[in-house]
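Biologist: Could you take me through the reading of aromatic contacts and of a ligand site, with the criteria spelled out as we go?

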Amino acid sequence: MVQKPIVLASACLTGLCTRYDGQAVEAPGFREQVKNSVLIPVCPEQLGGLPTPRTAADIIGGDGFDVLDGKARVLCKDGVDVTDEFLKGARQVLEIALDQDISKIFLKARSPSCGVARKGVTAALLERNGFRLEEFG
Ligand code: SF4
């Protein structure tokens, strides 16, 4: 039997309503990319214990690598510090990635957790552990 590749993906890209505003996002081309794969959806912010919907948050004072190194924080728009939740969620995603024979990882662009180009916290931790990442949306 041919084994299908295992793909880890930001849960919101798969149509799950995990975004901070409780909405799903439509990422053109994503379904086509993963149609012959075993998909593992993960939302680091939910895995870190944050509710949905939740107040939008952003990295203050650097990028995801700086958060990992204790040089930057993640703050909600209302000033609540959610750095610990972001770090916990990133570690949970890393554990899942290490536990599976992952072929590809697709993450949601521009997110303070998942964004690859902007170095979200989860993206930074996965990159630091040698995973190659692609972003969508
Ligand atoms: Fe969750 Fe990442 Fe999607 Fe944000 S971008 S809702 S953290 S999966």
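**Ligand shell and aromatic rings**

Modeller: The shell around the ligand is made up of six nonpolar, four polar and four charged residues, where Ala, Val, Leu, Ile, Met, Phe, Trp, Tyr, Cys and Pro count as nonpolar, Asp, Glu, Lys and Arg as charged, and the others, Gly among them, as polar. This is a predicted model, in which local features need pLDDT of at least 70 and side-chain atom pairs count only at pLDDT 80 or more, while totals for chains, interfaces and linings use all residues. Residues are numbered from 1 along each chain as its sequence is written, and side-chain values use heavy atoms, with hydrogens and water left out.

Biologist: Which residues come nearest to the ligand?

Modeller: A residue is near a molecule if one of its heavy atoms lies within 4 Å of it; of the 14 residues around the ligand, Cys12, Thr18, Cys43, Glu45 and Cys114 come nearest.

Biologist: Are Phe30 and Phe136 buried or exposed?

Modeller: Both Phe30 and Phe136 are buried, that is, under 20% relative accessible area, with exposed over 50% and partly exposed in between (1.4 Å probe, protein chains only). Ring pairs join Phe30, Phe106 and Phe136 into a cluster.

Notes: Rings of Phe, Tyr and Trp (its six-membered ring) pair if their centres lie within 6.5 Å; planes under 30 degrees apart count as stacked, over 60 as edge-to-face and the rest as tilted.
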